[in-house]
Amino acid sequence: MHLSRRNLLGSAAVAAVPAVPRPGAPAAAPAASRPGGPAAVPATARHGARVRTGFERLAADGYALLEGRRVGVVTNPTGITRDARHIVDVLHADPRVALTAVFGPEHGFRGTAQAGGSEGRHDDPATGLPVYDTYLKSGRALADVFTASGVDTVVFDIQDVGARFYTYVWTLYDCMEAAQLAGLRLVVLDRPNPVTGREARGPVLHREFATFVGRQPIAQAHGMTVAELALLFNGEFLATPVGLETVRMSGWRRDAFYDDCGLPWVPPSPNMPTPDTALVYSGTCLFEGTSLSEGRGTTRPFELLGAEGVDGRWAAAVNGLGLPGVRFREAYFTPTFSKFQGRTVGGVQIHVTDRAAYDPVRTGIALLVTARKVWDGFAWRSDDWIDKLTGSAQVRTMIDAGAGADEVTGAWQDELAAFRRTRRKYLLYK
């Protein structure tokens, strides 16, 4: 069986079919032990669902999409199988795939770098494969990296967290653009949006504020998977579309949180330790643009927020708004790095009580509004980083003018509705 574009986008599931080995290749091992085959001990999902990732479906078809191709993989530690093997190690060991290069994003292929860092050009000790650094490269510069690697097909497999300012979705965009410039084919292996794909939320980026934390006008919480984003990027934003194949998941529902999927969680970056972090991130990452700590340097980044001089009035103020699905606890903590390193600060801890009712973006705005009211040390970062995160100057200027959370969130509803209409055309799952 060959997975054509029609097969991949239209079928709900693909049965595993033994691959025909190449001449002279060893016979395939049983599925349970074969590289890329099902794990010996299947994971159990919260509701009994078994989500099969794009990689699982690619492997089940004997890697037919990669047959005869010189393959390079853009990935990081999240590119794993159900039994927690890295897909690069699996592909490298499989004679059916000519894996010739790896491309590492921010934090690096093996994940050794902190925020704003990467691993540079090196040879992977485990496989001997050349690893090329994509971080902060785009356009012709990234196309030249692809050309130098000698690949003709670029495979993307990275776990996203559902927020516009998480850089991996823009690594995807940059790789699509660069692959088109280099005349290469690009294959996106899909993984769940860990905070569901029910709807898009928040302001839409204005192009004059485009950076690596937002290259194109999508919502702050986009509510899409990486394969859906790839289709949207190709259809709406790339001047010349790339030759794109998307390998969709089976068994994933738009209302599924990550622990509904039966898949192991690997932190996509050092400060995204759990799916709970991802749940709040699209709102509380906005505190990167303020004088308050966003919880980096603690065991609960983005769930703990605070600064020196903040006390219990903040928790009381934000609890008083009656936000759905969340409560706030007065909290004190000492970051081990980043803002207020080694100093005890006061603030709040976010406790999500109803994930289905919780709106992370509205909650993030409410926290900004109340922090500014109860703490006279509140300030925006001097580089107006908040504008890059929210996608325009609107949130900052409205809060400075004394607007409340409902007024701020109401201001972006027209642009959000337009994005939702565009988004609908590219959704692959119900």
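What share of the contacts in the protein chain with a separation of 6 or more is accounted for by residues 24 or more positions apart? In this predicted model, in which local features need pLDDT of at least 70, side-chain atom pairs count only at pLDDT 80 or more and totals for chains, interfaces and linings use all residues, such pairs account for 74% of those contacts, a contact being defined by heavy atoms within 4.5 Å. Residues are numbered from 1 along each chain as its sequence is written, and side-chain values use heavy atoms, with hydrogens and water left out.

The secondary structure of the protein chain comes to 13 helices and 12 strands, these being DSSP runs numbered from the N terminus (H or I of at least four residues for helices, E of at least two for strands). Of its 430 residues, 59% count as buried, where buried denotes under 20% relative accessible area, exposed over 50% and partly exposed the range in between, with a 1.4 Å probe and protein chains only.

Two helix pairs were examined by the angle and distance between their axes, the axes being lines fitted to C-alpha atoms over the stretch in contact and the angles running from 0 to 180 degrees between N-to-C directions. Helix 4 (residues 139-149) and helix 5 (residues 168-182) cross at roughly 65°, with axes that come within 8 Å, and are therefore roughly perpendicular to each other; in this scheme angles under 35 degrees are roughly parallel, over 145 roughly antiparallel, 65 to 115 roughly perpendicular and the rest oblique. The contact is formed by G139, R140, L142, A143, F146 and T147 of helix 4 with D174, C175, E177, A178, A179, L181 and A182 of helix 5. By class, the residues of this contact comprise eight nonpolar, two polar and three charged, with Ala, Val, Leu, Ile, Met, Phe, Trp, Tyr, Cys and Pro taken as nonpolar, Asp, Glu, Lys and Arg as charged, and the others, Gly among them, as polar.

Helix 7 (residues 275-284) and helix 9 (residues 360-374) pack at an angle of about 55°, with their axes 7 Å apart, and are therefore oblique to each other. In this pair, L279, V280, S282, G283 and T284 of helix 7 meet P360, V361, G364 and L367 of helix 9, a set that divides into five nonpolar, four polar and no charged residues.

P360 and V361 are also among the contacts of R201, together with A219, Q220, A221, Y358, D359 and L416, when neighbours within four places in sequence are left aside. R201 is found in strand 7 (residues 201-204) and is buried, with a relative accessible area of 15%.

I218, in the loop between strand 7 and strand 8 (219-221), counts as buried at 0% relative accessibility. Residues up to four places away in sequence not being counted, I218 touches R164, W170, P203, V204, L205, L229, L232, F237 and F419.

H86 is placed in the loop between strand 1 (70-75) and helix 3 (87-93) and, at 7% relative accessibility, likewise counts as buried. A polar atom of the H86 side chain lies 2.7 Å from the backbone oxygen of N76, and the C-alpha atoms of H86 and T75, 11 residues apart along the chain, are separated by 9.5 Å.

Technical notes:
Polar contact = N/O pair within 3.5 Å; in protein donor to acceptor, adjacent residues only side chain to side chain.
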